[in-house]
Amino acid sequence: LGLIYPLSSSKAIILPSYVPNVCLFLSIALSVDYSFFHLSRFQEVRVQGKDLVGACEEMVRTAGRVVLVSGVVLLFTWLALAAFPVFGTNTLGYCSSIAIFVCITVNLIMNPAMVLLFPGFFEKSAIDACRCCKRRRASPEREEPLMDSTSGPVKMNCYGKVASYIVRAPGMYIV
């Protein structure tokens, strides 16, 4: 949004009131999505046994390419709105394209930088990432199935309890 303000204040574009809101939600949505995509790929590579730097390189090489291609497609799609100067859609096209470009750039640079900047935090990514959602294992070395047909009732964690409440009365939680 900081790049859009000079365009608006110099009267180069007329900025309808909804354009900053669309750019903001687009930036937040893409940043979260691209960060999750990067980190899930990073975690997959760490579980395979690569060290932190190698996993970060693999994350950028594979997920970074997908983020770049996806972002460029979105950028040109939103930029196509600039061809339709009706009700401010051209301004929406320009501003959304700027927001998407900044989002791609920041995610491709900052995600690997944050992983490498906080190695103590990201070193733990080689541990089972879904351990909060499953029944806990006695030790990480034991490779027995999490559930079998002969075991007794399963003790649910917090996610399992919330899910069982929602399944019993979904209408209460939607409202």
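These legends accompany close-up views of a predicted model.

Local features need pLDDT of at least 70 and side-chain atom pairs count only at pLDDT 80 or more, while totals for chains, interfaces and linings use all residues. Residues are numbered from 1 along each chain as its sequence is written, and side-chain values use heavy atoms, with hydrogens and water left out.

**Figure 1. The protein chain has seven helices and zero strands.** Helices (H or I, at least four residues) and strands (E, at least two) are DSSP runs, numbered from the N terminus. The order from the N terminus is α-α-α-α-α-α-α. Of 175 residues, 29% count as buried. Buried means under 20% relative accessible area, exposed over 50%, and partly exposed in between (1.4 Å probe, protein chains only). The accessible surface is about 11,800 Å², and 70% of that belongs to carbon and sulfur atoms. Areas come from the Shrake-Rupley method with a 1.4 Å probe; for residues, only the protein chains shown count as cover. A contact means heavy atoms within 4.5 Å. Among contacts between residues at least 6 apart in sequence, 62% join residues at least 24 apart.

**Figure 2. Helix 3 is kinked at Ala63.** The kink is about 35 degrees. The bend at a residue is the angle between axes fitted to the seven residues ending there and the seven starting there. Helix 3 covers residues 52-79, and its end C-alpha atoms are 37 Å apart. At 1.5 Å a residue, its 28 residues should span 40 Å, so the two values agree. The expected span is 1.5 Å times one less than the number of residues. Buried residues of helix 3 include Cys56, Met59, Ala63, Val67, Gly71, Leu75 and Trp78. An α-helix has 3.6 residues a turn, so residues three or four places apart point the same way. The buried residues of helix 3 pack against helix 2 (18-47), helix 4 (89-117) and helix 5 (119-122).

Figure 3. Trp78 touches Val22, Leu26, Leu92, Gly93, Ser96, Ser97 and Ile100, not counting residues up to four places away in sequence. Ser96 is buried, because its relative accessible area is 0%.

**Figure 4. The largest nonpolar core has 15 residues.** A nonpolar core is a set of buried Ala, Val, Leu, Ile, Met, Phe, Trp, Tyr and Cys residues joined through side-chain atoms within 4.5 Å. Leu30, Tyr34, Trp78 and Ile100 touch the most other members. Helix 2, helix 3 and helix 4 each give two or more residues to this core. A second, separate core of eight residues includes Phe42, Val45, Cys56 and Met59.

**Figure 5. Ring pairs link Phe42, Phe121 and Phe122 into a cluster.** Rings of Phe, Tyr and Trp (its six-membered ring) pair if their centres lie within 6.5 Å; planes under 30 degrees apart count as stacked, over 60 as edge-to-face and the rest as tilted. The structure holds two aromatic pairs. The rings of Phe42 and Phe122 have centres 6.0 Å apart and planes at 90 degrees, so this pair is edge-to-face. The pair links distant parts of the chain, with Phe42 in helix 2 and Phe122 in helix 5, 80 residues apart. Phe121 and Phe122 are also edge-to-face, at 5.1 Å centre to centre and 90 degrees between the planes. Phe42 counts as buried at 1% relative accessibility, as does Phe122 at 15%. Phe121 counts as exposed at 58%.
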